[in-house]
Amino acid sequence: MSHVARLQRPASAIGRDDFVRVEGVVKRFGQVTVVDRLGLSIKHKEMFALLGSSGCGKTTLLRMMAGLETPTEGRIWLDGEDITDLPPHRRPVNMMFQSYALFPHMTVEGNVGYGLRRERVPRAEIAERVADTLELVQMRPYARHMPAQLSGGQQQRVALARSLVKRPKLLLLDEPMSALDKKIRQQTQFELGSILWKVGVTCVMVTHDQEEAMTMADRIAVMSEGRIVQTGTPEEVYEAPNSRFAAEFIGSTNIFAGQVSSESADRIACAELPVPLALPHAMNARAGHPVTVSVRPERIGLARADDLGELPATNGAIGQVEQIGYMGSYTLYFVRLPSKAVVVANVPRGVLVQMARAPDYGDPVRITWSPRSMVVLG
């Protein structure tokens, strides 16, 4: 996950904190609770991502914001107005579905202007707004095309234009990249993010794709079982996960479980490692207190054991290369330790080419990491 590019936006581009406010929202279908006492606050002009696996409640929450589902309990506010009981057509909210839902019998400009025609906007104004919006999404040359004549990325832009032409206060995106081929997904992520930044619309996006959320969002809410596990910027959620679930869901990580050492409060005794873990600070806990630590694969240094064969005093081990995953700019090494635990190290291509010989299958290797590379999980 460390190689993911990020669409950076200046903090000044984002407005006040509580433009969208969700207060104690619960959604039950029969006896099943899908969203459970959920609360969050979204800033004006913010790109906010709801990230989680299937069934975590993220799409149900999005549909409640759109008015397509009614909360069992709780309230939803938009720009100071309680919209909980407003029907969808009375909300200043538009939703772009993952299927795009374009009308196949209408041209591009017909699809984009459909909502305005339903609202009986004057014909001249419709033409002007449709043309301006198609220009924004770089689809004006395709105004007379039918949806079947467009690529997946072009259809997505038309669906986005149809959502933006009504000038909503809140734009909801449901898995916006799921219909695109992986090859064009990253480029489209940046294009879509740039368009939304230019428009300045507040946006909530649902996705199960960590890379998509990390690339596009100003902030991410990680969801599990109808609740928010952690909220923060992509950097905060990745670099400082607050739980084992968040650490393992965002990217990949190595988890070590142990207890505070009786010798020092900044040492963790871990049965999987031959040496203790050394933290950058003392734990405010008694000896024997259980501790779980996360170390990202890119934080782990790896060298051939015949070059640096001594066992490190802390934060490391000697093991054997069990699997190798070549990823182009970096290589993943899966190292089996004598304890049978497997540690994953992400080694940049530049480091490997400086070695006399890169480690191969079955080779003994020495792995180490610094105290500041570790995150103690709650």
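## Close-up views of a predicted model

View 1. F245 and F249 both belong to helix 8 (residues 244–249), where they sit four residues apart, about one turn of the helix. Helices here are DSSP runs of H or I with at least four residues, strands are runs of E with at least two, and both are numbered from the N terminus. Before going on, please note that this is a predicted model, in which local features need pLDDT of at least 70 and side-chain atom pairs count only at pLDDT 80 or more, while totals for chains, interfaces and linings use all residues. Residues are numbered from 1 along each chain as its sequence is written, and side-chain values use heavy atoms, with hydrogens and water left out. F245 counts as partly exposed because its relative accessibility is 32%, and F249 counts as buried at 14%. (Buried means under 20% relative accessible area, exposed means over 50% and partly exposed lies in between, with a 1.4 Å probe and protein chains only.)

**View 2. Stacked aromatic rings.** Three aromatic pairs are counted in the model. One of them is F245 with F249, a stacked pair at 5.6 Å centre to centre with 10 degrees between the planes. For this count, rings of Phe, Tyr and Trp (its six-membered ring) pair if their centres lie within 6.5 Å; planes under 30 degrees apart are stacked, those over 60 are edge-to-face and the rest are tilted. F249 is buried, at 14% relative accessibility. F256 and W369 also form a stacked pair, with 5.3 Å between centres and 5 degrees between planes. F256 lies in strand 11 (residues 254–260) and W369 in the loop between strand 19 (364–368) and strand 20 (374–377), so this pair ties together parts that are 113 residues apart in sequence. Both F256 and W369 are buried.

**View 3. An arginine over a tyrosine ring.** R296 lies over the face of Y238, 4.0 Å from the ring centre. The rule asks for NZ of Lys or CZ of Arg within 6 Å of the ring centre and within 35 degrees of the ring normal.

View 4. Contact means heavy atoms within 4.5 Å. Strand 4 (residues 73–78) and strand 5 pair in the antiparallel sense over two bridges; two strands pair if DSSP finds at least two bridges between them. W77 has D82 of strand 5 as its bridge partner. In strand 2 you will also find R37, a residue other than glycine with a positive phi, near 50 degrees. R37 is exposed, at 53% relative accessibility.

**View 5. The largest nonpolar core.** This core has 42 residues, and L160 and L196 have the most contacts inside it. Helix 4 gives the most to this core, with five residues. A nonpolar core is a set of buried Ala, Val, Leu, Ile, Met, Phe, Trp, Tyr and Cys residues joined through side-chain atoms within 4.5 Å. Leaving aside residues up to four places away in sequence, L160 touches M96, V137, L171, L192, I195 and L196. A second, separate core of 29 residues includes V35, M64, M65 and L86.

View 6. Strand 17 (residues 330–336) and strand 18 run antiparallel and are joined by seven bridges. R336 has V342 of strand 18 as its bridge partner.
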